[in-house]
Structures are given as C-alpha cells and as structure tokens.
Amino acid sequence: MSKEIKNIAVVGSGIMGTGIVYAGLVGGYNVTLYGRRQEALEQGKAYVQKNLQTGVKIGKVTQETMDSCLARMKVSNDLETAVKDADLVIETIAENIDMKGEILKQLNVMCPEGTIIATNTSSLSVTAIGSFAKNAELVIGMHFFNPVPKMKLVEIVKGLKTSDETVQAIITVAEQMGKQTVVVNDAAGFATSRLNVLLGNEAFYMLMEGVASAEDIDKAAKIGLNLPMGPLEMSDMVGLDTRYKVLEYLHKTLGERFRPCPLMKKYVDAGLLGRKTGEGVFKYENK
C-alpha cells in the first residue's frame, strides 16, 4: 500500500516551483512554497492567484475551488517551517547536483520520518541525488514540464533504490494533479529531455548555419511536425542557460551527438537566456 500524501512542500520559488504549487492546490493538497526571497514568494502567490482567476474566467475552475486553493496555500522563507509537516517535498532548484545534494542533507534533518523527496531534475541522475538522502528508497524524480498548469505530462524517474511504494505514491499524486504519467528508469536525460534537447540543439545548428530564419525554423516544426511550440521558442521558455547545462551533461555522459551548439553558448555568454531575461532567440515584452 502506497503512502498517503496530504501535505506537499515545494522547495524553489521560480516558475517551475510556483507552477507545481498551482497543480498541487488544484489537486486538493495543502501546499507550502519555500523560497529565500520574500519578493519571490509574493510573486509566486500572485502567479497562482492569476492562474486560478483565469481558470474561473474560462470555466475550468469554480470560484469555490479557487477560494479553497488559496486557503490551502502557504509560503515561507524558512525551510524548516516549510517542510515540518510535509508528506512529500518537491525540490525545484537549479540543475546542479551539489546544490541538490545540500538541500537533501538539510531535508534529512528537517523532514518527518517517511517523507518522500521528489526532485524535478530534467537530466541529472536520481540515483546520485538519492545518495545524499538518509533513505534513498524515498527519493524519486518527478519531472514536470513548463508551463506546469498547461502541460499534462509528468515523467516519473525511478532511481536504483527507489521503492515501488514510492513510485505508486507519486503516480497517485501526479494523477490527482490532473497529469498523465510515464515511469522511466534512471538514465541520463531520461526519455523526454534526450528527445527535446536534441531537437532544440539541431534547431540552433540550423540557425547558425543559415538554413532558415528562427521564425521559419519554428514555423516549419509547428506546421510540418505538428508541434505546439517551435524548438527555438521552447528553448527560450526553458531558459538557454538551463538548456545548455543539460546538453553539457548529456554530452559528457552520452557522447558526441549531444555536443552543445556554439551559437547557444554565445547567447548564454551574452546573457540572452530567453523569456526570463526578456530576450533569447526572440524578444519578449515581459520577462
């Protein structure tokens, strides 16, 4: 029998973290958002409220549901306070195994016995991340996709020591959030990231080689391949720095076909990281 989840703590108040908070609230969970900066927490609350209001406006969410969600949301800039009652902690910090390891070491001390820890990594080894935990059976990958309120898939990644009970508990949580799931074993890039970054990287090589304009590369992918978003626009949304780090990791672990395009590195070096900076391959009015 899988563990029953009622209280979720989300560690990281960026766009992924706040999106996961929204999904958890709509799924009926009590959710606490942790972030170091009070400004980011306030922005997170505003993001969740805005998405709920949009849901009410289009008839996807009732006013009663919105009120209930906002009542079940908490924020905290103190990690111990945020996770003290958590049945599940979802970590959404940067794609850096040392940073994730430090968070897990803190959670070892702060979380109640039996708390499941899910990492939202898109490429790093869940087994390696789990090695920092006092009980690796309770560590799992829970790879959400941006923007979380709209994207239906959650890729569930089973580390070497992750228990079947933990997998089943996370499948239940994801489905309660209204998501569809795939379960994959721990391998570099899992299933989705390997496919996604290859397409985005090749699009950058095409742009660098002058095959077509950025607009036409994306238009060809959307119309010709029936993709909802072009690979260059998707890279901007993910963040070119994040995309570049993932490619570096996959290049190191899986070989030459994942070598990052030099043009992508130029964008990153120039600070043109995509939507979050207002400019990447394309320009955006709002970060």
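The model is predicted, so local features require a pLDDT of at least 70 and side-chain atom pairs a pLDDT of 80 or more, whereas totals for chains, interfaces and linings use all residues. Residues are numbered from 1 along each chain as its sequence is written, and side-chain values use heavy atoms, without hydrogens and water.

The chain contains 12 helices and 8 strands, taken as DSSP runs (H or I of at least four residues for helices, E of at least two for strands). Its radius of gyration is 19 Å, close to the 19 Å given by the globule rule for 287 residues, so the chain is as compact as a globular protein of that length. The radius is taken over C-alpha atoms, and the rule is 2.2 Å times the number of residues to the power 0.38. Of the contacts with a separation of 6 or more, 68% join residues 24 or more positions apart, a contact being heavy atoms within 4.5 Å.

The accessible surface, from the Shrake-Rupley method with a 1.4 Å probe, comes to about 14100 Å², with 51% belonging to carbon and sulfur atoms.

The search of the whole structure finds 0 disulfides, defined as pairs of cysteine sulfur atoms within 2.5 Å. Two cysteines are listed below.

| Residue | State | Relative accessible area |
|---|---|---|
| Cysteine 69 | buried | 0% |
| Cysteine 261 | buried | 0% |

Key
Buried < 20%, exposed > 50% of the residue type's maximum accessible area, 1.4 Å probe, protein only.
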